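Dear colleague,

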Amino acid sequence: MKIKVLSRNPDDYQRETKLDIHKVYRNYNPALHPFEAPREYVRALNATKLERVFAKPFLASLNGHTDSVCCMCKHKQRLNTIFSGSCDGEIRQWTLTNQRCIRALPAHTGFVRGITCAPDGTTFISVGDDNTIKHWTTDALSEQSHNPLNTIVTKTLYTGIDHHWKEPIYATCGQTVDIWNDERSEPVKVYKWGTDSVNSISFNPVETNMCVSTVADRSIVLYDLRSSIPVNKVILKLRSNVVAWNPMEAFMFTAANEDHNLYTFDIRRLDFASNVHTDHADAVLDVDYAPTGKEFVSGSYDKSIRIFPVNGSRSREVYHTKRMQRVFTVKWSLDNRYILSGSDEMNIRLWKARAAEKLGRLAPREQAAADYNNKLKKKFAYHPQIKRISRHRHVPKTIYSILKEKRTIKDSMRRKEQNLRAHSKPGTVPHIPERAKHIVTTAIKDDDIDEEDSLV
């Protein structure tokens with residue numbers, strides 16, 4: 001009978017004296033290298049440095065508007081087509097392939113408050129300060145291209161519009177939230193309560209019967225088209241400007257707030273923000289998700305654009321130029337490669353979603369090298385030197401000064417709270433998490449909304 005036993009000779013792994021060097025064991029497999037980890041670290045460091053060297057995100061500027069660009073809309077069927085509206089009432093249709101305007105429409109008198117495209121891509125709808133809703137064809141070569149297909153004169157001013165993702169239904173917001181059918185000139189449903197105006201509205205791309213709006217009383221309200229009253233609401237300390245749904249998670253949405261932050265909420269628990277995204281130095285005016293649902297882009301009054309990961313509180317990228325002023329609207333292209341921004345100085349700018357990405361078709365060896373470098377950067381992402389290089393960004397002096405002042409204020413408030421807690425009776429100064437600090441209250445009380453007042 002054969003018996004296998006473990007046999008260790010102390011001479012193989014112990015030193016005879018303290019002056020001897022430690023024995024280093026190595027695997028003699030020719031496929032392995034004794035310095036594999038150090039070599040990979042150096043490659044990751046070089047890849048991170050080269051990424052910052054080749055980071056050239058700005059691609060083009062679309063000129064032509066004669067006033068500030070206040071809203072944009074993506075074509076639902078064509079990747080290279082967008083629509084933009086300006087503060088002088090003009091709507092322009094752009095083709096991103098040639099980076100030129102193919103149609104200019106004198107659509108409204110006053111601001112263009114919102115543009116939305118139908119899911120089949122044949123028409124788009126606009127609202128403006130002249131109390132009209134206008135339907136337009138997306139075909140720039142048709143005979144009706146410069147005249148609206150339908151014009152609806154409304155009794156009140158609408159400040160936002162969004163189209164249902166599957167059905168011929170769209171929603172407008174102003175003094176009330178109105179649900180319209182594409183073939184009717186009167187709203188099929190009207191949600192009304194209180195006296196505060198509704199700033200924006202957005203349909204859920206997954207759970208398509210749900211929509212969310214931001215209200216001037218600092219609240220975010222959820223609606224279900226199958227219900228006669230709003231489903232739920234959350235009130236924050238400051239007003240939210242725009243809300244964007246996550247296209248991959250039906251119950252998650254992100255709100256751009258006036259307090260320089262963005263808040264991601266789960267509709268199943270609105271009393272607690274899932275994440276608080278900081279880094280902006282002024283009010284956040286617009287937000288839009290990537291089609292993958294893993295990242296979103298935000299435009300701010302501080303003249304910068306930031307890209308945030310969904311699960312991160314800090315931005316991974318910041319874009320700015322000397323000429324770019326207040327950013328009013330941002331969009332993420334449906335192919336997940338480009339970002340569009342409309343700002344105060346009448347320009348629409350085209351950016352790369354990944355600043356160092358090489359455009360065009362890559363050779364197989366180039367693609368393999370890029371994938372290998374990305375894996376190395378991910379593996380060594382938390383090493384101090386690599387983390388410092390990948391995180392560092394140059395920002396304008398005004399943003400740098402404001403962020404520095406905000407850090408000083410935040411540290412001072414934290415020290416004050418710690419001192420107050422240390423010199424108070426235990427339990428009198430509770431620990432409030434950052435994700436709950438900015439929320440005032442949630443849910444709708446029974447007496448807040450009247451059944452007669454909700455559904456007209």
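**What was found**

In the protein, among contacts between residues at least 6 apart in sequence, 48% join residues at least 24 apart. Please keep in mind throughout that this is a predicted model.

As for the overall picture, the protein holds 6 helices and 29 strands, and its C-alpha trace spans about 95 × 65 × 60 Å along the principal axes. Of its 456 residues, 44% count as buried, while the accessible surface comes to about 25,400 Å², with 52% of that belonging to carbon and sulfur atoms.

The largest nonpolar core is made up of 16 residues, and those with the most contacts inside it are Ile220, Leu222, Val234, Leu236, Phe253 and Phe265. At least two residues of this core come from each of strand 15 (210-215), strand 16 (219-224), strand 17 (232-236), strand 18 (240-245), strand 19 (252-257) and strand 20 (262-266).

Turning to the helices, helix 1 (residues 36-53) packs with helix 2 (residues 364-379) at an angle of about 105°, their axes being 9 Å apart, which makes helix 1 roughly perpendicular to helix 2. On the helix 1 side the meeting residues are Glu40, Arg43, Ala44, Ala47, Thr48 and Glu51, and on the helix 2 side they are Tyr372, Asn373, Leu376, Lys377 and Lys379. By type, the residues of this contact divide into 4 nonpolar, 2 polar and 5 charged.

With best wishes

Conventions: Residues numbered from 1 in each chain as written. Predicted model: local features only at pLDDT ≥ 70, side-chain atom pairs only at ≥ 80, totals over all residues. Heavy atoms only, no water. Core = buried A, V, L, I, M, F, W, Y, C linked by side-chain atoms within 4.5 Å. Buried < 20%, exposed > 50% of the residue type's maximum accessible area, 1.4 Å probe, protein only. Helix = DSSP H or I, 4+ residues; strand = E, 2+ residues; numbered from the N terminus. Axes fitted to C-alpha atoms, helices over the stretch in contact; angles between N-to-C directions. Parallel < 35°, antiparallel > 145°, perpendicular 65-115°, else oblique. Contact = heavy atoms within 4.5 Å. Nonpolar A, V, L, I, M, F, W, Y, C, P; charged D, E, K, R; others polar. Areas by Shrake-Rupley, 256 points an atom, 1.4 Å probe, with all protein chains shown as cover.
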